[in-house]
Amino acid sequence: MNFPILSSITLLPILGAIFIFIFNNKTNENKNVIYVSLFTSVVTLFLSFFLWYVFDKSSSEFQFIEEKNWISGIIKFKFGIDGLSILFIVLTAFITPICIISCINSVKNRLKEFLIAILILESFMIGVFCSLDLVIFYLFFEAGLIPMFLIIGIWGGPKRVYAAFKFFLFTLLGSVLMLVAIISIYWITGTTDVTEIYLIKIPSEFQYVLWLAFFSSFAVKMPMWPVHTWLPDAHVEAPTAGSVILAAILLKMAGYGFLRFSIGMFPVASEYFVPLIYTLSIIAIIYTSLVALMQEDMKKLIAYSSVAHMGFVTLGIFTFTKQGIEGSIFQMLSHGLISAALFLCVGVVYDRVHSRLISSYGGLVNILPKYSLVFAVFMLGAIGLPGTSGFVGEILVLLGAFQKNFLVAILASIGVILGAAYMLWLYKRVIFGKLEKKELSELKDLNLSEGLILFLLAGLTLFLGFYPNLILDTIHVSVEKLINDYQLNLILNTVK
């Protein structure tokens, strides 16, 4: 294909943002900018679906490669995708129009600037998954901090400034070491081209320090325990659309980074640090699940549940098994849908009652039957009920873990039980019981836009639970290549 489809998908949201920025028609301005941003995001979504359609699932090689020299031939603007990245691009393009629709009622001021930030953030996130040059990846990876910082800091809750700076400083400081590591890799290999680095193979004596440098960034972004504390604050203070993007996409960039860079470039170090990853993952799964049980704020509970779910992701990735890695990727995609939907569900009642406290609700099933139904689907998906997408990812991760370390797998299974506890407890207190608060009796059920979004997400949660091969067939060949290359590199290093 000669058409630069990856560049088009990446740059189209920025072009839409520029058009909105220069749009000066004051008559029905909000309505017009919504139409433009929605049109831009929908076109991007259709392009991503087309990309997925023409993607060759039988090939493990990078496809749709675009390459252009940038800085004196040292750094190349290089794009390309494989089975590890294609579905994250589709997920990003799918979540963005949902965020735009959801913010129509929730964002009351400076809607134009908010939509510009959303579109620019979409471009940066897609760029992360397309980049095949370390410097380009780093630029996109860090650039996404700026619009997210503004989304939290300007349109967030009462403590938005504190949450925004905490988010920014945690993630930025974690990435400084990654930048130093990228410079070191160029000094060692003479290139920042990811595909060339795979072939050159970084000497094992350098891998340990470089792995830790990349880990410092990915661990914060994931986030892993104990550098997870920025996430609950960011989620609580962010507007609904900001929480959706943060949970659905931004956290997944770190998981993708572990697959593409930590394992791909530093296989010897990845094997060496497996005990560290297992320990942090188990602590994240069990500890944050217990913390979630104690929460009185719905958003904070879901935020801690995200940390626990990401613990399953890191656990599965570093099993280095087909089931574990495929389960981790599936878990990230599934969590992207379910967590987005849960935050949207919180946003629905928050827009009506202006409270996120669980104690402010109760008995909503009596007046909001459609809302209660979709909330149940997402709650069951979050706890991994068979028939939902959440089950597929978790069972594959646990199967991979059982192959590698029986004790670790047993401890991770405790997290599944705790996850069921805090999600069922949340649902019971919010949805069931008597309708005792008079102010709740006048609430209206889902409107048209809310219903379309939530029922669509509920349908996808169930569909992927019954037909997971739609995802697994896409990633299967690339995962096999990743594992084979990893094992080959370990063997060659042992021979040396």
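Which helix does Leu169 lie in? Leu169 belongs to helix α7, residues 160-189. Keep in mind that this is a predicted model.

Let's stay with Leu169 for a moment. Leu169 is partly exposed, and its relative accessible area is 44%. Leu169 also belongs to a nonpolar surface patch of about 550 Å².

Now the pockets. The largest pocket has a volume of about 470 Å³. Its lining has 24 residues. Nearest the centre are Ser106, Val107, Trp155, Tyr350 and Asp351. Which elements supply at least two residues each to this lining? They are α3, α6 (145-155), α10 (230-237) and α15. Helix α15 gives the most, with five residues. By class, the lining of the largest pocket holds eight nonpolar, nine polar and seven charged residues.

Next, the second largest pocket. Its space is about 370 Å³. It is lined by 20 residues, and Phe62, Tyr198, Gly264, Lys481 and Asp485 are the closest to its centre. At least two lining residues each come from α8 (194-200), α11 (240-265) and α20 (469-495). The largest share is from α20, with seven residues. Here the lining splits into nine nonpolar, five polar and six charged residues.

How many cavities of 30 Å³ or more does a search of the whole structure find? The search finds three. I'll take two of them.

The largest cavity contains about 150 Å³ of space. It has 13 lining residues, with Ser102, Leu344, Val348, Asp351 and Glu450 closest to the centre. Two or more lining residues come from each of α3 (86-106), α15 (322-353) and α19 (448-466). The classes here are five nonpolar, six polar and two charged. Look again at Asp351: this residue is among the closest to the centre of the largest cavity, and it is also among those nearest the centre of the largest pocket.

The second largest cavity holds about 100 Å³. Its lining counts 14 residues, and His309, His335, Ile338, Gly381 and Ala382 lie nearest the centre. The elements giving two or more residues are α14 (298-317), α15, α16 (369-382) and α17 (389-404). The top contributor is α15, with six residues. Nine residues of this lining are polar, four are nonpolar and one is charged.

How values were computed: Residues numbered from 1 in each chain as written. Predicted model: local features only at pLDDT ≥ 70, side-chain atom pairs only at ≥ 80, totals over all residues. Heavy atoms only, no water. 1 Å grid on protein atoms, 1.4 Å probe; cavity = no way out; pocket = protein on both sides within 12 Å on 5 of 7 lines; lining within 4 Å. Points joined across faces, edges and corners; volume = space filled by probe spheres on them. Helix = DSSP H or I, 4+ residues; strand = E, 2+ residues; numbered from the N terminus. Nonpolar A, V, L, I, M, F, W, Y, C, P; charged D, E, K, R; others polar. Patch = residues over 30% accessible without salt bridge, like charges linked within 9 Å, V, L, I, M, F, W, Y side chains within 5 Å. Areas by Shrake-Rupley, 256 points an atom, 1.4 Å probe, with all protein chains shown as cover. Salt bridge = Lys/Arg side-chain N within 4 Å of Asp/Glu carboxyl O. Buried < 20%, exposed > 50% of the residue type's maximum accessible area, 1.4 Å probe, protein only.
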